[in-house]
Structures are given as structure tokens and as C-alpha cells.
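This report describes one protein chain from its coordinates. Please look at the sequence and structure shown here before reading on.

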Amino acid sequence: KEYKSNENLPIAKLYISGLGMYECYLNGSKVSKDIFAPTATDYDKHVNYNTYDVTSLLKNAKNTLGVVLGNGRFFSLRMIGDKAFGIPVIRHFGFPKLLLQMEIKYKNGNKTTVVSDNTWKITTHGPIISNSEYDGEEYNANFELQGWQKNGYNDSTWLNARIVDAPLGKLVAQKNPNIRTMEEIKPVSVTEVDGKYILDMGQNMVGWLAIKLNGKKDRPIKMRFAETSQKNGGLYMANLRWAKVTNIYTPSKDGEFSWCPSCTYQGFRYAEISGISDKPDLNDFTGKVNYDEMKTIGSFETSDDLINQIYKNACWGIKGNYRSFPTDCPQRDDRMPWLGDRATGCLGESFIFDNNLLYAKWLQDIEDSQRENG
């Protein structure tokens, strides 16, 4: 889209709701460090949108907006094991969809508005082959679209976007922060077990495993994740039930590459790496710890090492389950915000984390989920 150059610097604000999750770029730069945005809701009742000041990303004359959409909790690709304790745990709200508006205002009073409409172009033939919160992400570098989010990209083979029905829920401004990468940790060991490499992060964490490895063209590299290991050092997967928790990366050429998923997450201490020839180095991996953006406001320490460790374990368990609502587990085929778990834990958590906005949002989720009888 074009806007007229003006000696008065314009101010640009972006309003966006990409379901189930989005990554938005303006002139090749991400508009925010937020991930898994917007925060998940009962989309039949409420749909969140986010607002960003993107003035600093504007260029004179011509600008390019681009958005990646992931499934999130809006659209699930699997229905196997769709009941836990007799309660449905997976819902389909529709295919991924986008609503976007960017307003560019000038000091002289003029305004330019850019909206998502059927003049936008769309493709489903990008490198992210599949993505699921429970199963993982598959990425094929052969389908990367170099420069697609910058000026001058040739999108002539792409389709025109289609206008679709909005979700049933009311569109509202999101009041709580999104999820972000809040910490990073490094692994403590890597060992070979039955021709595969087992990575130990030294700590159960929730988020992404970023990798820098050497690969062979078209030879998939598979990463599986687990909380614990077996006696032989391999992964213990039985407690994960039907969740596949597997990422797959297919290189487009021989040699070194770097990659990190964007549309999934895993809860894990151990990762199994297969499809590579040489033993990787610990520096080839980074654990990106993701949870709702908030401050750590409290700490606790005693003269007893065991009590200190229990407190540390609790902190990791709490923040690992902040997923725009407080879930009961981040690793298996459940990951649900059961009321009982957090009714007993929310007060104690508030002494450690500034979680007021997270729980205020969750109270709205609870109200949205209530039946007519309360």
C-alpha cells in the first residue's frame, strides 16, 4: 500500500486479530515480540485483538504488511482421544482467519487506512507444513518464500484472500499481555542412545528448542520431547498419551542451518534428536522459556536446601503453565485450565508473579464457559 510522503512524520497504529495465532510483519520486521497472539478465548463468546504502534517501521511511499497464521486453539487437525474424563477437550471454531486494520494519521489531519480485504494475497504453500499445540510443528525449508514480507516480492502465483464469516464471539481489545520468550537456558549434556542423541536441558521447561545443526538436503531431522528418561537414557513417552510432541525440520541444502518453531510449544527436560550424522555440541541448542509476559515480584529462600529446591520446582511449574490461562500441565494431551487446580494455587502464585491480568482474563473465560444453570 502507498501513502503520500509528508514532512510531518505520520503515526501508525495496527489493530490485529489473527486466529488461532499470528505473526505480523511490516517491511520485513516483526511488529512485536509477542507469540501465540492473541490470547486464546472461547471464540464463540469473545475474540481478542491486539494494538501496536508501528510508526517506526513505516517507510516513505511504499510499505508491505505480511501475516503468518497458525492453528492455535482455534483449529485442531486431530480428533483422536478428544475426551478426557468424559469432557471434550478439543474444539473446532473454523479455519485460520485474519482481521487487520492499520491507521496512518498525519499531523495535518489526513488519514490513510489499510484493511484486510479480498485484495490481499494468500498462500498455503509456505514452509510450515503442519502445526499443532499437541503434536508439534513440521517445517520444510524447500518451501521458504524468501522476502515475502518485504517490498517487491512477486506474489503473482498467490490467490486472492476470501472474505469469510467472523467468529461468533464479540471482538474486544485484549487487556492482558501476550506470551513471550521470558528466559533462555542452555542444555547440560548430550548423549547417544540407539543411534539418536538425547539432550538434557537440566530442567523441565516449557517453550521452544532453538537449534543450529548440520543437515543433509531433504533428510528430515526429528525432535521429540519428554519430561523424563528411561533407564537406558531414552525418552519416557507413556505419560504423554496421544500427544506426538514432535518437531520435524527438512533442510533445503547440505550444511549448517538455524531454526526455531513458532506455532507450537513443548513441556520437556529431554529432547531426542534424530536424522543428523554427527554428535551435536551443547552450544547448538537454546531453550526458550515461554509464558505470559509478567514480572517476577517475589522470592523465597531458607537455610534448608530441600525447601529451596521445592520452591524452585514450584516456580517452574507455575510459569510453565501460564498459557494465556493457567493450565494443569504443558506436556501431554491435556493442557486444560481446570478450575480446581488453580483455585488452590492462585493466591500463592500471586506472591511470586504479577499475575493479576492473567487471572482477570481467565475469570472472563470462566464466565464465558458457564452453562445456563451456572
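## Basis of the model

The model is predicted, so local features need pLDDT of at least 70 and side-chain atom pairs count only at pLDDT 80 or more, while totals for chains, interfaces and linings use all residues. Residues are numbered from 1 along each chain as its sequence is written, and side-chain values use heavy atoms, leaving out hydrogens and water.

## Overall form

The protein has 26 strands and three helices; these are DSSP runs numbered from the N terminus, with helices (H or I) of at least four residues and strands (E) of at least two. Along the principal axes, the C-alpha atoms fill a box of roughly 65 × 60 × 45 Å.

Of the 374 residues, 48% count as buried. Buried means under 20% relative accessible area, exposed means over 50%, and partly exposed is in between, with a 1.4 Å probe and protein chains only. The accessible surface comes to about 19,700 Å², and carbon and sulfur atoms hold 51% of that; the areas come from the Shrake-Rupley method with a 1.4 Å probe, and for residues only the protein chains shown count as cover. Among contacts (heavy atoms within 4.5 Å) between residues at least 6 apart in sequence, 76% join residues at least 24 apart.

## Charges

There are 46 positive and 45 negative side chains, and the centres of the two sets lie 4 Å apart. Lys and Arg count as positive and Asp and Glu as negative, without His and the chain ends. Each charge is placed at NZ of Lys, CZ of Arg, CG of Asp or CD of Glu.

## Nonpolar cores

A nonpolar core is a set of buried Ala, Val, Leu, Ile, Met, Phe, Trp, Tyr and Cys residues joined through side-chain atoms within 4.5 Å. The largest one has 42 residues, and those with the most contacts inside it are Leu209, Ile211, Leu213, Met223, Ile273 and Tyr322. Elements that each supply at least two of its residues include strand S19 (196-215), strand S25 (266-274), helix H1 (305-319) and helix H3 (356-369). The largest share, seven residues, comes from S19.

Beyond its neighbours within four places in sequence, Ile273 is in contact with Lys196, Tyr197, Leu209, Leu213, Ile221, Lys222, Met223 and Phe285. A second, separate core has 20 residues, among them Leu14, Leu26, Tyr52 and Leu65.

## Backbone exceptions

Two peptide bonds are described here. The bond from Leu19 to Gly20 is cis, with omega near 0 degrees, and Gly20 lies in the loop between strand S2 (11-19) and strand S3 (21-26). The bond from Ala37 to Pro38 is also cis, with omega near -5 degrees; Pro38 lies in the loop between strand S4 (29-30) and strand S5 (46-53).

Arg241, not a glycine, has a positive phi of about 55 degrees. Its loop runs between strand S22 (235-236) and strand S23 (246-250). Val245 is likewise placed between S22 and S23 and has a positive phi of about 35 degrees, although it is not a glycine. Arg241 is partly exposed at 41% relative accessible area, whereas Val245 is buried at 2%.

Glu367 is found in helix H3 and counts as exposed at 52% relative accessibility. The C-alpha atoms of Glu367 and Lys45 are separated by 9.7 Å, with the two residues 322 apart along the chain.
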